[in-house]
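Hi everyone, thanks for coming.

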Amino acid sequence: MVGAARRLAVLTGAGISAESGIATFRGAGGLWEGYRVEDVATPRAFQRDPALVWRFYNLRRANLASVAPNPGHHALAMLERRFPPGNFTLITQNVDGLHQAAGSRNVLEIHGAIRRVRCTGCGLNEDRGTAPLPDLPKCERCGALLRPDVVWFEEMLPADVWRRADEAVRASNCLLVVGTSAVVYPAAGLIDVARAGGSDIIEVNLETTPASCHADVILRGPSGQLLPRLLDLLPS
Ligand code: BJW
Ligand code: ZN
């Protein structure tokens, strides 16, 4: 299916970065163990206690300094090179930037990026890398509080990025779904869009998810092992 696809879309989630040492969100050992989601990943939580939310994100930003893409990220970057520009779109829910670090080019970050900050006053948007930030970082231009440039629950996804993701799935004839629990919307809805459009759907995941029943092919196992094998099977 991948070899025959004219246009391929890929949807990734936290599972693809698990083998790089980044915790996934849900389940035992998940990022949200010890936190209530509504305390760290909603606009209300940030209004109530921005320092707590920033501590949570600063820990994750610091962790990024010591992680690297794994063979799953690299396999997707190599897969992209087999397609003419524009015929391969990587849609990621991840905020870790590891797809770009692996060399992927056409990446749509639908939930934002943890390296970037956004000003709550003037909207200034800046890449701050993984450098430590204070618990209450302020905008250099207007003095207002900065926030992580990520999408929290009950927030809209960045409109232009989302439109391009939706269009890419509609235009593709195969969707590869990697390492996502497929429970967070509207991202998970892209799988329904692919199904409705008659695309082939391939799931790569350690576990069964709500996407599994829509998948034509299920590759059960770690993406860092399965994606390189998938790439090896493609005709050169
Ligand atoms: C491996 C592996 C290995 C492990 N190899 N696999 C009721 C019904 C429908 C929708 C809603 C509802 N109530 C509320 C909503 C809307 C809500 C939502 O979807 N909630 C559901 C959870 C119920 N969505 C929103 O609020 C969105 N906005 C929106 O809808 O706006 C309209 C609106 C406006 C006003 C009011 C209401 C709606 C925004 C969603 C934003 C999500 N943001 C987060 C945080 C980002 C910032 C940050 O990083 O801190 O995004 S939440 C978190 O979940 C993060 C992820 O991108 C996202 C998805 O998680 P993901 O990536 O799937 O990770 P996990 O941990 O869940 O799964 C990992 C998977 O990997 C597992 O399956 C493992 O098996 C697998 N795995 N190792 C392969 N080695
Ligand atoms: Zn500002």
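**A ligand and its surroundings**

Okay, so keep in mind that this is a predicted model. Let's start with ligand 1 and its contacts. With the backbone, a nitrogen atom of ligand 1 is 2.7 Å from a polar atom of Glu155, and an oxygen atom of the ligand sits 2.8 Å from a polar backbone atom of Ala14. There's a side chain to look at as well: a polar atom of Ser181 comes to 2.5 Å from a ligand oxygen. How much of ligand 1 does the protein bury? On its own the ligand exposes 1500 Å², and the protein buries 76% of that.

Now, where is that? The space ligand 1 takes up is the largest pocket. Two elements give two or more residues to the shell, namely helix H1 (15-18) and helix H4 (50-64).

Zooming out a bit, 35 residues surround ligand 1, with Arg26, Tyr57, Thr180, Ser181 and Asn205 as the closest. By class, that shell has 17 nonpolar, 12 polar and six charged residues. Domain 1 (8-22 + 69-111 + 157-233) and domain 2 (28-66 + 116-150) each supply at least three residues to it.

Last, the backbone. Most residues other than glycine have a negative phi, and most peptide bonds are trans. Here, though, Glu154 isn't a glycine and has a positive phi of about 75°; look for it in the loop between strand E6 (146-150) and helix H7 (159-171). And Tyr185 and Pro186 are joined by a cis peptide bond, omega about 5°. You'll find Pro186 in the loop between strand E7 (174-178) and helix H8 (189-196).

Key:
Residues numbered from 1 in each chain as written. Chains lettered and ligands numbered in written order. Predicted model: local features only at pLDDT ≥ 70, side-chain atom pairs only at ≥ 80, totals over all residues. Heavy atoms only, no water. Near = heavy atom within 4 Å. Polar contact = N/O pair within 3.5 Å; in protein donor to acceptor, adjacent residues only side chain to side chain. Areas by Shrake-Rupley, 256 points an atom, 1.4 Å probe, with all protein chains shown as cover. 1 Å grid on protein atoms, 1.4 Å probe; cavity = no way out; pocket = protein on both sides within 12 Å on 5 of 7 lines; lining within 4 Å. Sits in = over half its atoms within 2 Å of the grid points. Helix = DSSP H or I, 4+ residues; strand = E, 2+ residues; numbered from the N terminus. Nonpolar A, V, L, I, M, F, W, Y, C, P; charged D, E, K, R; others polar. Domains from an automatic or database assignment.
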